[in-house]
Amino acid sequence: MPWSGCCGVLLILFACPPVVCLLLLTSCPPGCCCLQPGSLVLCESLGLRSLPDSVPLSTSGLSVARNHLCNVDHLLRPFSGLQELSLSQNHLARFPHGLPPSLQTLQLQENRITYITSGALQHLGNLTRLDLEDNRIRAIQPAALWGLNRLQVLLLKES
Ligand SMILES: *[C@@H]1O[C@H](CO)[C@@H](O)[C@H](O)[C@H]1NC(C)=O
């Protein structure tokens with residue numbers, strides 16, 4: 001199920017107090033909220049320094065927003081059906097390597113990314129929306145966006 005951007009995520013969050021989450025979860029990482037098991041996993045504001053274990057590989061939407069993640073390189077590649085990913089409001093210092101090519105929406109706002117190199121995105125040909133607002137971006141290599149044939153929304157604003 002595609003999210004309608006961050007408002008949709010927020011709505012889902014507010015609609016899911018912990019008690020309700022407990023009722024909804026089947027196999028869900030501790031502390032996370034799993035809606036429609038296997039499809040949408042929310043692990044937000046948990047103080048995570050690493051990705052949660054036991055996120056189902058079939059997950060199509062994952063949010064680990066508002067945590068303390070510094071590096072998720074290659075850890076998400078096994079999620080071959082992941083379409084929506086939020087890593088916003090973490091401590092990532094560079095664009096994550098080894099993201100799954102199935103991604104359609106990638107939210108990276110409010111991290112500490114400084115450079116977008118030409119290889120970082122080249123395998124993400126299904127990406128339609130990329131949110132990089134409020135990072136510390138100094139440079140985007142000219143070829144960095146090549147191959148993103150479906151990209152419709154690219155957000156780079158710094159406030
Ligand atoms: C990219 O999108 C197409 C069309 O929706 C789909 O058939 C294909 O499997 C997707 N690629 C990946 C790697 O998920």
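Does Asp73 count as buried or exposed, and at what relative accessibility? At 16% relative accessibility, Asp73 counts as buried, because buried means under 20% relative accessible area, whereas exposed means over 50% and partly exposed lies in between (1.4 Å probe, protein chains only).

## Basis of the model

This is a predicted model, in which local features need pLDDT of at least 70 and side-chain atom pairs count only at pLDDT 80 or more, while totals for chains, interfaces and linings use all residues. Residues are numbered from 1 along each chain as its sequence is written, and side-chain values use heavy atoms, with hydrogens and water left out.

## Overall architecture

The protein has 3 helices and 9 strands, where helices (H or I, at least four residues) and strands (E, at least two) are DSSP runs numbered from the N terminus. Along the sequence these elements follow the pattern α-α-β-α-β-β-β-β-β-β-β-β.

Of the 159 residues of the protein, 45% count as buried. The protein exposes about 8,100 Å², with carbon and sulfur atoms supplying 58% of it; accessible areas come from the Shrake-Rupley method with a 1.4 Å probe, and for residues only the protein chains shown count as cover.

## Surroundings of Asp73

Asp73 is placed in the loop between strand E3 (61-63) and strand E4 (84-86). Leaving aside neighbours within four places in sequence, Asp73 is in contact (heavy atoms within 4.5 Å) with Arg94, Phe95, Pro96 and His97. With Arg94, the side chain of Asp73 also forms a polar contact of 2.2 Å, a term for a pair of N or O atoms within 3.5 Å; within protein, one must be able to donate a hydrogen and the other to accept it, and residues adjacent in sequence count only if both atoms are side-chain atoms.

## Nonpolar core

The largest nonpolar core has 33 residues, and those with the most contacts inside it are Leu76, Leu85, Phe95, Leu106 and Leu108; such a core is a set of buried Ala, Val, Leu, Ile, Met, Phe, Trp, Tyr and Cys residues joined through side-chain atoms within 4.5 Å. Beyond its neighbours within four places in sequence, Leu108 is in contact with residues including Leu87, Leu92, Phe95, Ile113, Leu130 and Leu132.

## Ligand site

The residues around the ligand (one heavy atom within 4 Å) are Pro101, Ser102, Asn126 and Arg150. An oxygen atom of the ligand is 2.4 Å from an N or O atom in the side chain of Asn126, and a polar side-chain atom of Arg150 lies 3.1 Å from an oxygen atom of the ligand. Taken alone, the ligand exposes 360 Å², of which the protein buries 37%.
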